[in-house]
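I have opened a new page in my notebook for this structure. Come along while I look up one feature after another.

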Amino acid sequence: MRLNPFILSLLCIISFSINAQADWSLDSCIAHAVKDNIQVKLSELEAQRAKYQLEQSKWDLLPNLNGNMSNSYNIGKRIDPFTNTFASKSVRSNNFNLSSGVNLFNGLSSYNTIKKNSYDLRASTYNTEVIKNNISLNIAALFLQILLNKELVGVQQEQLLQSKGQLKRITKLVEAGVQTQSDIANIESQNALEELNLISAENNLSLSYLELKQLLDISTKDNFSIVTPDLSQVSTDVLDFSAEMIYERASKDYPTIKMSEEQLLSRETALIIAKAGYVPSLSLNGSIGTGYSGADQVLIDEQLGTFQVKSFNNQFKDNVYKYVGLSLSVPIFNQFTIRNSVRNAELNVESQKLSIELEKNNLEKTISTSHANAVAALKKYKVSGKAVIALKEAFRNTSVKYNQGMVDFIEYSNAKSNLTRTESELLQSKFDYIFKIKILDFYQGRPLKL
């Protein structure tokens with residue numbers, strides 16, 4: 001059975017669209033990782049929980065309102081609460097009650113709890129940013145590692161291509177009787193070594209792809225490739241700023257510092273709340289209720305002495321009771337729990353202050369180290385570039401002399417190995433420098449872009 005050409009074309013287009021996979025840029029990698037990362041989701045849940053706690057602390061300022069109903073049967077002698085007389089038989093009673101209370105003053109503990117929870121919410125939000133930043137830096141490092149490994153594969157492919165070309169040339173010379181069979185063996189051994197180097201470079205590339213896919217939580221079976229940006233021009237503008245200038249900027253806006261500062265405000269407020277335990281608290285309470293009792297009877301026939309239980313409706317109206325009261329609680333002695341709570345809160349404040357200093361010191365050290373490493377990487381990149389140019393010329397001369405029989409294979413092989421090693425060092429220093437300046441850019445609040 002032949003398929004309709006239109007249907008066949010449509011199936012081909014659908015198949016192509018399914019199998020085609022757009023290359024991933026650094027931006028898309030970071031956006032994907034930040035969106036689907038489990039740590040980020042957990043942090044966002046914690047921030048949502050902090051938001052609910054803040055909302056609840058605001059609602060706690062309002063009066064409460066509770067309703068109660070009861071239905072009971074009492075057997076035996078007791079005082080009926082509605083008739084205030086002894087009842088000695090089984091009596092059914094109902095009770096209905098609405099009660100409310102509001103805290104008028106508790107040392108401003110409720111208002112400070114709102115402030116504390118607002119600080120906790122902001123700290124949770126900054127914590128999410130910290131996690132996203134760490135993920136972004138890890139993504140950038142792996143992304144650049146892939147680019148480096150792709151370049152190194154290219155270097156090994158070029159070296160192998162040269163060896164194969166040299167092998168063909170030497171084979172022809174041997175056939176012409178100009179060179180010996182040992183020259184072929186030497187080139188073949190060089191060829192085999194460079195094939196191993198190529199396999200190793202390709203394996204490193206595959207592993208770096210695998211690491212990035214795992215961090216992105218992408219199936220290892222899916223096709224995956226990245227965009228190769230133009231990195232031919234290496235910027236040095238970021239090194240116009242000293243490490244001190246970069247730190248001065250980063251310390252004001254870096255999420256880790258901001259989170260620690262919000263946590264300090266939270267702990268300082270928690271100390272105020274703990275001290276409020278020394279202050280008397282005043283609350284207003286009130287209730288209204290009514291009830292029904294089977295013991296509440298009315299005389300219906302005085303001559304016969306006949307009584308009848310008062311109706312439910314009448315009792316519901318007649319038995320209404322109300323209560324309004326102020327309650328003052330004065331802390332006198334509470335096993336030193338308030339004192340120890342205050343002491344612990346003071347320790348928490350001091351501990352957080354030290355944590356902020358530690359965070360700032362670590363940030364300053366990280367920036368200073370990154371800046372120094374970037375300067376060193378740039379110097380190494382420049383020196384390696386000059387070395388590659390010199391070694392390329394040296395290898396070209398050595399190749400000419402080797403072809404003319406003026407140098408032996410060992411000297412030729414050493415010249416080629418030196419060139420390959422220096423080209424690899426040039427690439428490594430280049431990508432190392434790029435990563436270092438991206439870190440410095442990042443600390444200055446610039447997005448990670450290539």
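**Entry 1: starting in the sheet**

I began with a pair of residues: Met69 stands opposite Phe96 in strand E4. Before going on, I noted that this is a predicted model, in which local features need pLDDT of at least 70 and side-chain atom pairs count only at pLDDT 80 or more, while totals for chains, interfaces and linings use all residues. Residues are numbered from 1 along each chain as its sequence is written, and side-chain values use heavy atoms, with hydrogens and water left out.

I then looked up the neighbouring pairings. E1 and E4 (residues 91-105) pair in the antiparallel sense over 11 bridges. Another residue to look at here is Leu65, whose bridge partner in E4 is Ser100. E4 also pairs with strand E5 (residues 281-293), again in the antiparallel sense, over 12 bridges. There I found Leu98 with Ile288 of E5 as its bridge partner. I kept two conventions beside these notes: strands pair if DSSP finds at least two bridges between them, and helices (H or I, at least four residues) and strands (E, at least two) are DSSP runs, numbered from the N terminus.

In what order do the strands of the open sheet come? I read off E1-E4-E5-E8, 4 strands with antiparallel pairing. Strand E1 (64-74) and strand E8 (321-329) stand at the edges with a single partner strand each, so one side of each has no neighbour in the sheet. From one strand to the next, the twist averages 20 degrees. As background, I wrote down that strands of a sheet pair through backbone hydrogen bonds, either parallel or antiparallel.

**Entry 2: a residue inside E4**

Next I picked Asn97, which lies in strand E4. Is Asn97 buried or exposed? Its relative accessible area is 15%, so Asn97 is buried (buried means under 20%, exposed over 50%, partly exposed in between, with a 1.4 Å probe and protein chains only). Not counting residues up to four places away in sequence, Asn97 touches Asn66, Gly67, Asn68, Ser287, Ile288, Gly289 and Tyr321. For contacts I use heavy atoms within 4.5 Å.

**Entry 3: helices against helices**

I moved on to helix H4 (residues 109-175) and helix H9 (residues 337-403), which pack at an angle of about 20 degrees with their axes 12 Å apart. That makes H4 roughly parallel to H9. The contact is made by Gln162, Gln166, Arg169 and Ile170 of H4 together with Phe395, Tyr402 and Asn403 of H9. By class, these residues are 3 nonpolar, 3 polar and 1 charged.

Helix H7 (residues 255-275) and H9 pack at about 165 degrees, with their axes 9 Å apart. This makes H7 roughly antiparallel to H9. Their contact has 11 nonpolar, 7 polar and 8 charged residues.

Helix H2 (residues 26-36) and H4 pack at about 140 degrees, with axes 9 Å apart. That makes H2 oblique to H4. Leu26, Cys29, Ile30, Ala33 and Val34 in H2 meet Lys132, Ile135, Ser136, Ile139, Ala140 and Phe143 in H4. I sorted this contact into 9 nonpolar, 1 polar and 1 charged.

A reminder on the angles: axes are lines fitted to C-alpha atoms, for helices over the stretch in contact, and angles run from 0 to 180 degrees between N-to-C directions. Under 35 degrees counts as roughly parallel, over 145 as roughly antiparallel, 65 to 115 as roughly perpendicular and the rest as oblique.

**Entry 4: two more residues**

Asn191 is found in helix H5 (residues 181-215) and counts as buried at 8% relative accessibility. Beyond its neighbours within four places in sequence, Asn191 is in contact with Leu160, Ser163, Lys164 and Leu167.

I looked for Lys310 in the loop between strand E7 (306-309) and helix H8 (312-318). The C-alpha atoms of Lys310 and Gly294 are separated by 7.9 Å, with the two residues 16 apart along the chain. Leaving aside neighbours within four places in sequence, Lys310 is in contact with Tyr292, Asp296, Gln297, Val298, Gln315 and Asp318.

**Entry 5: the chain as a whole**

Last, I looked up the totals: the protein chain has 10 helices and 8 strands. Buried residues make up 36% of its 450 residues.

Conventions:
Nonpolar A, V, L, I, M, F, W, Y, C, P; charged D, E, K, R; others polar.
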